[in-house]
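Subject: The structure for you to look at

Hi,

Here is the structure I promised to pass on. Have it open while you read, and turn it around as you go through my notes below.

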Amino acid sequence: MRRAVCPGSFDPITNGHLDIIGRASKLYDVVHVAVMINKSKQGLFTVEERLDLIREVTAEYGNIEIEAFHGLLVDFCKQRDIPAIVKGLRAVSDFDYELQMAQMNIGLSGVETLFVPTNPTYSFLSSSLVKEVATWGGDVAHLVPPQVLSALTDRLPKP
Ligand code: ADP
């Protein structure tokens with residue numbers, strides 16, 4: 001079984017994340033989506049809510065496994081026999097940090113990182129920007145799946 005992992009905070013999952021997960025799911029037998037828990041950062045959605053939203057919007061792919069994880073990504077990979085991390089690259093600004101992490105991860109454990117160029121439609125898109133725009137009543141319907149849009153509408157106070 002060829003396995004890969006798409007890691008992130010997914011607070012919440014956007015169409016940009018989904019595009020990368022969907023493309024990885026065509027290349028690998030099983031794609032693990034790892035929701036990395038950051039105890040020092042309170043999210044808009046709880047980890048369980050993020051997992052549920054990811055589960056709903058990736059159900060149609062049929063080869064996605066979703067889990068929360070706390071710790072080093074390379075340990076997550078080792079424990080599940082995953083040789084590759086798949087990441088989307090949005091812009092040059094992503095590259096510097098992603099390159100450092102990829103080099104650290106291969107040095108730590110031999111886990112490879114594969115970069116997938118972002119669909120240009122989503123190259124400006126991040127969870128934090130979606131939350132910011134939605135907080136002030138901006139329309140994000142084209143940037144997130146419908147389930148996420150309704151979760152955002154329920155969670156955010158009306159502007
Ligand atoms: P964000 O950067 O949206 O706050 P994450 O930490 O959840 O979110 O992102 C995890 C990973 O998902 C990123 O490292 C990147 O590989 C991918 N990703 C996020 N947004 C996009 C996007 N718009 N297009 C492609 N990949 C993305």
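Let's start with a pair of helices. Glu-49, Leu-53, Glu-56 and Val-57 in H2 meet Gln-147, Val-148, Ala-151 and Arg-155 in H6. Sorted by type, the residues of this contact come out as four nonpolar, one polar and three charged. Keep in mind throughout that this is a predicted model.

To find the two helices, look for residues 47–58 (H2) and residues 146–155 (H6). Their axes come within 10 Å and cross at roughly 150°. Angles over 145 degrees count as roughly antiparallel, and H2 and H6 are therefore roughly antiparallel to each other.

Two of the residues in that contact also pair up by charge. In general, side chains of opposite charge can pair when their charged atoms come close. Here the side chains of Glu-49 and Arg-155 form a salt bridge, at 2.6 Å from N to O. This pair ties together distant parts of the chain, with Glu-49 in helix H2 and Arg-155 in helix H6, 106 residues apart. Are these two buried, exposed or something in between? Glu-49 has a relative accessibility of 25%, so it counts as partly exposed. Arg-155 is partly exposed as well, because its relative accessible area is 35%.

While you are at H2, have a look at Val-47, which lies in this helix too. Val-47 counts as buried because its relative accessibility is 17%, and the cut-off for buried is under 20%. Which residues does Val-47 touch, if you leave aside its neighbours within four places in sequence? The answer is Val-35, Ile-37 and Ala-68.

- Asp-19 and Arg-23 form a salt bridge, with the closest N and O atoms 2.8 Å apart. Both residues lie in helix H1, four residues apart, which is about one turn of the helix. Asp-19 has a relative accessibility of 18%, so it counts as buried, whereas Arg-23 at 28% counts as partly exposed.
- Arg-90 and Asp-94 meet through their side chains in a salt bridge, at 3.0 Å from N to O. Arg-90 is partly exposed, with a relative accessible area of 39%, while Asp-94 is buried at 14%.
- Asp-11, Arg-50 and Lys-131 are linked in a network of salt bridges.

Next, the backbone. Most residues other than glycine have a negative phi, and most peptide bonds are trans.

Strand E1 covers 3–8 and helix H1 covers 15–27, and Pro-12 is found in the loop between them. The peptide bond that joins Asp-11 and Pro-12 is cis, with omega at about 0°. Phe-10 counts as buried, because its relative accessibility is 2%.

Another positive phi turns up at Asp-81, at about 60°, although Asp-81 is not a glycine. Where is Asp-81 found? Look in the loop between helix H3 (73–80) and strand E4 (84–89). Asp-81 has a relative accessibility of 65%, so it counts as exposed.

Last, the rings. The structure holds one aromatic pair. Phe-69 and Phe-76 make up this pair, with 5.0 Å centre to centre and 75° between the planes. Planes over 60 degrees apart count as edge-to-face, and that is the arrangement of this pair. Phe-69 counts as buried because its relative accessibility is 11%. Phe-76 counts as buried too, at 0%.

Cheers

Terms used:
Residues numbered from 1 in each chain as written. Predicted model: local features only at pLDDT ≥ 70, side-chain atom pairs only at ≥ 80, totals over all residues. Heavy atoms only, no water. Axes fitted to C-alpha atoms, helices over the stretch in contact; angles between N-to-C directions. Parallel < 35°, antiparallel > 145°, perpendicular 65-115°, else oblique. Contact = heavy atoms within 4.5 Å. Nonpolar A, V, L, I, M, F, W, Y, C, P; charged D, E, K, R; others polar. Buried < 20%, exposed > 50% of the residue type's maximum accessible area, 1.4 Å probe, protein only. Salt bridge = Lys/Arg side-chain N within 4 Å of Asp/Glu carboxyl O. Phe/Tyr/Trp six-rings, centres within 6.5 Å; stacked < 30°, edge-to-face > 60°.
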